[in-house]
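The sequence and the model come first.

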Amino acid sequence: PLFRSRTMSTDAKKSVPCPFCNTRLKPGSNIVSVGNYRGLCPQCSNPVLFRALEAFSNVEPITTVSFTVNEISYTVENASPSLTLNDWLKSQPSLKGTKHMCQEGGCGACVVALTQTDPVQNKETTVAVNSCLTPLLSVDGCAIETTEGIGNSSRG
């Protein structure tokens, strides 16, 4: 899942920390640009996402997220940073198949398929993620497939 940074210096000589390894990411290293930018931290190779208001200025806090679940589009506004994908899925009347048990990612009851565009290869990549550990804000632009989207005996 992608992480979003909340602040960024207006001075191009300053930098923002990678949320995973604390490496300082500078605008000159093409980690940050105007608009939405997805990239990989050169140190730890974790994905990062910035939403810049203008070139190398402040970064807008992200509270709205758009994604698809089982090929149906959803937009969630004013999402709490602590809301997980699993919590959101369980709140939807038609999406009760994804379970929550340990809430630590160990049991696998909450696993869903998450498809996103790889920022380096520019190809869609599908990975299994523990929805109980995935912040809802991190799935912006992603396609999610739950157990309900796999199919059934009448649909195949």
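Glu71 counts as exposed, because its relative accessibility of 81% is over the 50% cut-off. The model is a predicted one. Glu71 sits in the loop between E6 and E7. Its phi is positive, at about 70°, although Glu71 is not a glycine. Most residues other than glycine have a negative phi. Asn70 is placed in the loop between E6 and strand E7 (72–76). Phi of Asn70 is near 50°, also a positive value in a residue other than glycine.

**The second largest pocket**

Which residues lie closest to the centre of the second largest pocket? The pocket has a volume of about 190 Å³. Among the 11 residues of its lining, the closest to the centre are Asn70, Glu71, Ile144, Glu145 and Gly149. Strand E8 (111–117), strand E10 (143–145) and helix H2 (147–150) are the elements that each give two or more residues to this lining. E10 supplies the largest share, 3 residues. Sorted by class, the lining holds 3 nonpolar, 4 polar and 4 charged residues.

Glu145 belongs to strand E10. With a relative accessibility of 37%, Glu145 counts as partly exposed, because this value falls between the 20% and 50% cut-offs. Leaving aside neighbours within four places in sequence, Glu145 is in contact with Asn70, Val112, Ala113 and Ile150. The C-alpha atoms of Glu145 and Val69 are 5.7 Å apart, while the two residues are separated by 76 residues along the chain.

Is Thr146 buried or exposed? Thr146 is buried, with a relative accessible area of 2%. Thr146 is located in the loop between E10 and H2. The side chain of Thr146 makes a polar contact of 2.6 Å with the side chain of Glu148. Not counting residues up to four places away in sequence, Thr146 touches Val69, Asn70, Leu89, Leu95, Thr98 and Val112.

**Aromatic pairs**

How many aromatic pairs does a search of the whole structure find? The search finds 3 aromatic pairs. Two of them are set out in the table.

| Ring pair | Distance between centres | Angle between planes | Type |
|---|---|---|---|
| Phe67 and Tyr74 | 6.2 Å | 25° | stacked |
| Phe67 and Trp88 | 5.1 Å | 80° | edge-to-face |

The pair of Phe67 and Tyr74 is stacked because its planes, at 25°, are under the 30 degrees cut-off. The pair of Phe67 and Trp88, with planes at 80°, is over the 60 degrees cut-off and so counts as edge-to-face. Phe67 lies in strand E6 (residues 65–69) and Trp88 in helix H1 (residues 85–90), so this pair ties together parts that are 21 residues apart in sequence. Ring pairs link Phe67, Tyr74 and Trp88 into a cluster.

Phe67 and Tyr74 are both buried. The relative accessible area of Phe67 is 3%, so Phe67 is under the 20% cut-off for buried. Trp88 is buried as well, with a relative accessible area of 7%.

**Thr134**

Thr134 is in the loop between strand E9 (124–130) and E10. At 3% relative accessibility, Thr134 counts as buried. The side chain of Thr134 reaches the backbone oxygen of Asn130 at 2.8 Å.

**The chain as a whole**

The protein chain has 2 helices and 10 strands. Read from the N terminus, its elements follow the order β-β-β-β-β-β-β-α-β-β-β-α. The chain has 156 residues, of which 35% count as buried. Among contacts between residues at least 6 apart in sequence, 49% join residues at least 24 apart.

Terms used:
Residues numbered from 1 in each chain as written. Heavy atoms only, no water. 1 Å grid on protein atoms, 1.4 Å probe; cavity = no way out; pocket = protein on both sides within 12 Å on 5 of 7 lines; lining within 4 Å. Points joined across faces, edges and corners; volume = space filled by probe spheres on them. Helix = DSSP H or I, 4+ residues; strand = E, 2+ residues; numbered from the N terminus. Nonpolar A, V, L, I, M, F, W, Y, C, P; charged D, E, K, R; others polar. Phe/Tyr/Trp six-rings, centres within 6.5 Å; stacked < 30°, edge-to-face > 60°. Buried < 20%, exposed > 50% of the residue type's maximum accessible area, 1.4 Å probe, protein only. Contact = heavy atoms within 4.5 Å. Polar contact = N/O pair within 3.5 Å; in protein donor to acceptor, adjacent residues only side chain to side chain.
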